[in-house]
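Here is a short report on one structure. It covers strand pairing, a metal site and a helix residue.

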Amino acid sequence: MLLTIPALLDAARVQQARAMLEDAPFVDGRLSAGSDARRVKNNEEVRPDDGRVAELNRMILGRLYAHPVFQAAALPRKLSGAFFARYRPGMQYGTHVDDPVMGPEGGRYRTDVSVTVFLNEPDTYDGGELTIETEFGEQQVKLAAGDAVFYPSSSLHRVAEVVRGERLVVVAWAESMVRDPARRRLLYDLYQVTEALRIATPQAEATRRASHVHANLMRMWAEL
Ligand code: NI
């Protein structure tokens, strides 16, 4: 399941993030990649120990974590730190699958859900599409500044070469309470049904039933 969150960041927050990243220390993105990804990765990332990373992390991932669609569909248990990646002309990220386990010793997490938040407007750069292989074919994603996309970390994906301008994004990962993407999909579909029923017929028996089933499926599948 690939979902987008339009305007996760409003224009002011996008502006603030871009301004803070303007003179941030970008280093070779291969430093943070596993051995498989390193072979195809060609971008730059802000050094993770930079002070701006922590501040932007709180602002951006705080909003992501609190977002009702992310809560209902990703069912996050742990969220990684934010990585700030930049692609300048000639840079790309070839087809790869994200590392299954990330984080430092003592703070490891399984990557179940991959997130990208776009920080530059799509008409300011050419190329740089995020292409994700899904069971129904490839899906290309290049969203407005402030929008987010998330998808199962088990998916093969790539970032096309940037040929003009600059692609600036935030990437992050979540470990989910429900590791199986098919189960997360069912829970999210049922959540949407339940929400619609709560609005249309809050007192109805069907509303209580739908909510009851959702809660008990979570109880059955959640790992903490
Ligand atoms: Ni990736």
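Strand S12 (residues 130-134) and strand S15 (residues 157-159) run antiparallel and are joined by 3 bridges. Strands here are DSSP runs (E, at least two residues), as are helices (H or I, at least four), numbered from the N terminus. Two strands pair if DSSP finds at least two bridges between them. Leu-130 has Val-159 in S15 as its bridge partner.

This is a predicted model: local features need pLDDT of at least 70, side-chain atom pairs count only at pLDDT 80 or more, and totals for chains, interfaces and linings use all residues. Residues are numbered from 1 along each chain as its sequence is written, and side-chain values use heavy atoms, with hydrogens and water left out.

The open sheet has 5 strands in the order S3-S7-S15-S12-S13, with antiparallel pairing. Its edge strands each pair on one side only.

| Edge strand | Residues |
|---|---|
| S3 | 41-42 |
| S13 | 137-141 |

Next, the metal site. The nickel ion has protein donors His-96 (NE2), Asp-98 (OD) and His-157 (NE2), lying 2.1 Å from it. Donors are N, O and S atoms within 2.8 Å of the metal (3.2 Å for Na, K and Ca); water is not among the atoms, so sites may look incomplete. Along the chain, the donors of the nickel ion follow the spacing H-x1-D-x58-H. Both His-96 and Asp-98 are buried. Buried means under 20% relative accessible area, exposed over 50%, partly exposed in between (1.4 Å probe, protein chains only).

Helix H5 (residues 181-200) contains Thr-194. Thr-194 is buried, with a relative accessible area of 3%. Not counting residues up to four places away in sequence, Thr-194 touches Ala-210, Ser-211 and His-214. Contact means heavy atoms within 4.5 Å.
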